[in-house]
Amino acid sequence: MPNATLTDRFGRTVNYVRLSVTDRCDFRCVYCMAEEMTFLPRQQVLTLEEIAQVAKTFVSLGTEKIRLTGGEPLVRRGILELVKEIGTLGLRDFAMTTNGSQLPTMAEPLRKAGLKRLNISLDSLDAEKFSRITRTGRLAQVLEGIDAAKEAGFEGIKLNTVVMKGGNDQEVPELVEFARKKKVDITFIEEMPLGEISDHDRGQVLCTSDEVRDIISQRHELVPTPEDSGGPARYYRMPDSDVRVGFISPHSHNFCSTCNRVRVTVEGRLLLCLGNEHSVDLRRVLRGHPETDDKLRETIINAMDLKPERHHFSTEGDVQILRFMNMTGG
């Protein structure tokens, strides 16, 4: 069947899909999930075959970019087989978001399987603070993973940092220098109000992209660049480096007008917006109509009418969305 194009009611073309392959993770990052988590029963989780079927159907509908997310995608058994299958679909961009813990052994196999780019979470370069933010993570393991990814020769590697005032905002200059040294891009992200957390007050720790940019500008000139990664980040370059510095600003500079993406949770919910609960149950369609992709295609096309014009994240620390980030898929 020839490629179609997914377009919502506001004329935005949807050509980027983020597929969550698991809600499980070996970290318990304070902004992502509760310390004691209850994960989904296996029968509620899409099989790898079902995820591959969703990926193929989206590609038949014009999707050019797929990002695998979690939880932590590399803790899903059989993930390399899924990467190999999606890697054959002719995507313009095929990426994964990971905490980096499994990359020391998996970076090279992932690259050989067809994955093109990696986003690696790195919220601190201080081992004690890193442990406090991730609750269970080891900084040395993640740094080793970043080096392994570099050695594996990925087309693009980017570090992601969620900035929290009074938590890791003082490390912003050091993180930029680390990115420059490693010759990898870095993106600073405003924390999003997803899930009830008890570790901190989101309203008090919100560090806006403008504040982070001001911190960096004290050391490095930041020149805006029109470069587009196909995602929500706005990028800047430094005159003396090839490294890009990005900012994802769901609060202070929302990117809704150019939103080109949807998400599929590990339980098969097609989320039309990160900041709204608009969703369609693809698992029911997959399991109710296993013979062909026709019903799945029809459901995805019709779902575009549910995509809202924008989210309404609050800067007061309120929780608008009760699902945690690990349930959402990044």
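Rings of Phe, Tyr and Trp (its six-membered ring) are taken to pair if their centres lie within 6.5 Å. The views below show a predicted model.

**View A. An aromatic cluster formed by Phe-188, Tyr-236 and Phe-247.** Ring pairs link Phe-188, Tyr-236 and Phe-247 into this cluster. The count of aromatic pairs under the stated rule is two. In one of them, the ring centres of Tyr-236 and Phe-247 are 5.5 Å apart and the ring planes stand at 85°, so the pair is edge-to-face, planes over 60 degrees apart being counted as such. Tyr-236 belongs to strand β10 (residues 234-237) and Phe-247 to strand β11 (residues 244-248), so the pair ties together parts that are 11 residues apart in sequence. Tyr-236 has a relative accessibility of 10% and counts as buried; Phe-247, at 0%, also counts as buried.

View B. Helix α10 comprises residues 294-303, and its residues Leu-296, Arg-297, Thr-299, Ile-300 and Ala-303 are buried. These residues cover an arc of only 165° around the axis, which means that they lie on the same side of α10.

**View C. The largest pocket and its lining.** The largest pocket holds about 360 Å³ of space. Its lining consists of 15 residues, of which Arg-24, Arg-42, Val-45, Arg-76 and Arg-77 are the closest to the centre of the pocket. By residue class, the lining divides into six nonpolar, three polar and six charged residues.

**View D. The cis peptide bond between Gly-70 and Gly-71.** The peptide bond that joins Gly-70 and Gly-71 is cis, with an omega of about 10°. Gly-71 is located in the loop between β4 (65-69) and α2 (79-86).

**View E. The backbone at Lys-183.** Although Lys-183 is not a glycine, its phi is positive, at about 60°. The loop that contains Lys-183 runs between α6 (172-182) and β8 (185-190). With a relative accessibility of 65%, Lys-183 counts as exposed, the cut-off for this class being over 50%.

Methods. Residues are numbered from 1 along each chain as its sequence is written. This is a predicted model: local features need pLDDT of at least 70, side-chain atom pairs count only at pLDDT 80 or more; totals for chains, interfaces and linings use all residues. Side-chain values use heavy atoms; hydrogens and water are left out. Buried means under 20% relative accessible area, exposed over 50%, partly exposed in between (1.4 Å probe, protein chains only). Helices (H or I, at least four residues) and strands (E, at least two) are DSSP runs, numbered from the N terminus. The arc is that of the directions from the helix axis to the C-beta atoms. On a 1 Å grid over the protein atoms alone, a cavity is a set of points where a 1.4 Å probe fits but cannot get out, and a pocket is an open set with protein on both sides within 12 Å along at least five of seven lines; lining residues have an atom within 4 Å of a point. Grid points are joined across faces, edges and corners, and a volume is the space filled by probe spheres set on the points. Ala, Val, Leu, Ile, Met, Phe, Trp, Tyr, Cys and Pro count as nonpolar, Asp, Glu, Lys and Arg as charged, and the others, Gly among them, as polar. Rings of Phe, Tyr and Trp (its six-membered ring) pair if their centres lie within 6.5 Å; planes under 30 degrees apart count as stacked, over 60 as edge-to-face and the rest as tilted.
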